[in-house]
Amino acid sequence: MMKSPRPHIVASLALVVAYLFGCETSPGVRVKGSDTMANLASRWAVEYSARNPRAFITIDGGGSGRGISALVLGATDLATASRPVNERERVDALEAGVELDAVVVAMDGVAVIVHPSNSLDSLTLDDLRRLFTGEATNFAEVGGPDLRATLYGREGDSGTHQFFKHEALLGAEFARSEQRLQGTAALAEAVARDPS
């Protein structure tokens with residue numbers, strides 16, 4: 001369907017880890033943010049903890065926006081994000097006296113999925129735009145079966161949501177019928193239950 005790379009950013013990873021784990025008794029590191037980064041961050045935490053047994057690292061998803069907000073509020077030590085920091089977040093950080101430093105650590109892709117029973121073979125970017133803006137409401141309108149299209153996507157502060165809006169929808173608004181879910185797993189489960 002659609003695959004396009006995008007950078008992930010993580011705020012000051014090396015500095016925070018060096019500072020916290022350089023101490024004799026580490027309070028631990030809290031990491032919050034992008035759900036698409038959670039598995040990778042968890043693997044890093046396991047690897048780091050294996051080499052540094054005193055290390056205590058917690059990983060929590062919730063979306064890029066929530067991670068950046070938690071970092072600005074001091075509720076996390078690291079924020080993972082699958083999008084750049086936006087202007088509002090920069091202003092909030094400046095007002096809170098927090099300096100945000102982004103480091104690109106990985107690239108990933110976005111996939112658009114349909115239920116396995118759907119005979120649709122492929123979608124163009126124009127097809128995706130038409131479906132997700134509500135211009136097309138039936139798969140027959142984009143070369144698929146005569147079946148009403150149910151749309152699922154990530155919540156608005158998700159990096160995936162913002163990336164998809166910018167790249168696939170070219171900045172257009174999502175259809176009002178789109179059901180926004182928190183987390184990639186919730187999206188996969190919803191599509192697996194819904195043939196449309």
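1. Leu-170 is exposed, with a relative accessible area of 68%, where exposed means over 50% relative accessible area, buried under 20% and partly exposed in between, computed with a 1.4 Å probe on protein chains only. Leu-170 sits in the loop between α6 and β7 (179–181), and its phi is positive, about 55°, although it is not a glycine. As background, most residues other than glycine have a negative phi.

2. The model is a predicted one, in which local features need pLDDT of at least 70 and side-chain atom pairs count only at pLDDT 80 or more, whereas totals for chains, interfaces and linings use all residues. Residues are numbered from 1 along each chain as its sequence is written, and side-chain values use heavy atoms, with hydrogens and water left out.

3. On confidence, pLDDT being the predictor's confidence in each residue on a scale from 0 to 100, the protein chain averages 85, and 86% of the residues score at least 70. Where pLDDT is low, the predicted coordinates should not be read in detail.

4. The protein chain contains 7 helices and 7 strands, the helices being DSSP runs of H or I with at least four residues and the strands runs of E with at least two, numbered from the N terminus. Along the sequence they follow the pattern β-α-β-α-β-α-β-α-β-α-β-α-β-α. Of the 196 residues, 42% count as buried, and the accessible surface comes to about 10700 Å², of which 55% belongs to carbon and sulfur atoms; these areas come from the Shrake-Rupley method with a 1.4 Å probe, and for residues only the protein chains shown count as cover. Among contacts between residues at least 6 apart in sequence, 72% join residues at least 24 apart.

5. Strand β2 (residues 29–33) pairs with two strands, a pairing requiring that DSSP finds at least two bridges. With strand β3 (residues 57–60) the sense is parallel, over 4 bridges, and the bridge partners in β3 include Ile-57 for Val-29 and Thr-58 for Arg-30. Strand β4 (residues 78–81) also runs parallel to β2, joined to it by 3 bridges, and Ala-79 in β4 is the bridge partner of Lys-32.

6. Together with helix α2 (residues 35–51), β2 and β3 make a right-handed β-α-β unit; right-handed here means that, with the strands pointing away from the viewer, the path from the first strand over the helix to the second runs clockwise.

7. Helix α3 (residues 64–73) is largely enclosed by the rest of the structure, because 7 of its 10 residues are buried. The buried residues are Ser-64, Gly-65, Gly-67, Ile-68, Ala-70, Leu-71 and Val-72. After α3 comes Gly-74, with a positive phi near 80°, and after helix α4 comes Gly-97, with a positive phi near 75°. At the start of α4 (residues 87–96), a side-chain oxygen of Asn-86 reaches to within 3.1 Å of the backbone nitrogen of Arg-88.

8. Tyr-152 is found in strand β6 (residues 152–154) and counts as buried, at 18% relative accessibility. Its side chain is joined to that of Asp-194 by a polar contact of 2.7 Å, a polar contact being a pair of N or O atoms within 3.5 Å, of which, within protein, one must be able to donate a hydrogen and the other to accept it, while residues adjacent in sequence count only if both atoms are side-chain atoms. Leaving aside neighbours within four places in sequence, the residues in contact with Tyr-152 include Phe-132, Glu-178, Leu-187 and Val-191. The C-alpha atoms of Tyr-152 and Ala-188, 36 residues apart along the chain, are separated by 9.3 Å.

9. His-161 lies in helix α6 (residues 159–167) and is buried, with a relative accessible area of 8%. Neighbours within four places in sequence aside, His-161 is in contact with Arg-154, Glu-155, Gly-156, Phe-174, Glu-178 and Arg-180.

How values were computed:
Contact = heavy atoms within 4.5 Å.
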